[in-house]
Amino acid sequence: MKIILTLVLLATIQFTCAQQNDAIVKKASEVESKWGYKAKNKNIITLIDFSKSIDSARLYVVDTKNNKILLRSNVDHGYGSGTGQTPSSFSNAIGSNASSLGCYVTMQTYNGTWGYSLRIN
């Protein structure tokens, strides 16, 4: 059975309390309150904790309606953000190839150069 998960709001926000499920759900709820009106399904929020290593699960898909984490996963950062285990810089400049901090409404998924990917609006 193949499960396809479409994420509608992507929040790449650096936060430090990612060890506790409650802290992750609370942060996702804060993002939903502030930015959820822009998304079709505002109850599904994705957070990336860039303070964690790429070797750790640092992407969290959170259901804020039911206050639970649906998915934890490893995720890379843009190569323009540095070659280390954690990003050393961020940018939203075109051509920087760096990860960008902020909130994004996402679109469809696709299979790209690096595998299963998600388009950002």
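Predicted model: local features only at pLDDT ≥ 70, side-chain atom pairs only at ≥ 80, totals over all residues.
Which residue of β4 does V61 stand opposite? Residues are numbered from 1 along each chain as its sequence is written, and side-chain values use heavy atoms, with hydrogens and water left out.

**View 1. Strand β3 and its partners.** Helices (H or I, at least four residues) and strands (E, at least two) are DSSP runs numbered from the N terminus, and two strands pair if DSSP finds at least two bridges between them. Strand β2 (residues 44-48) runs antiparallel to β3 and is joined to β3 by five bridges, with L47 standing opposite Y60. Strand β4 (residues 68-73) also pairs with β3 in the antiparallel sense, over five bridges, and here V61 stands opposite L71.

**View 2. The two faces of β3.** Five of the five residues of β3 (residues 59-63) are buried, so this strand is largely enclosed by the rest of the structure; buried means under 20% relative accessible area, with a 1.4 Å probe and protein chains only. L59, V61 and D63 lie on one side, and Y60 and V62 on the other.

**View 3. The largest nonpolar core.** A nonpolar core is a set of buried Ala, Val, Leu, Ile, Met, Phe, Trp, Tyr and Cys residues joined through side-chain atoms within 4.5 Å. The largest has nine residues, including I24, L47, Y60 and I69, and its largest share, four residues, comes from α1.

Technical notes
Buried < 20%, exposed > 50% of the residue type's maximum accessible area, 1.4 Å probe, protein only.
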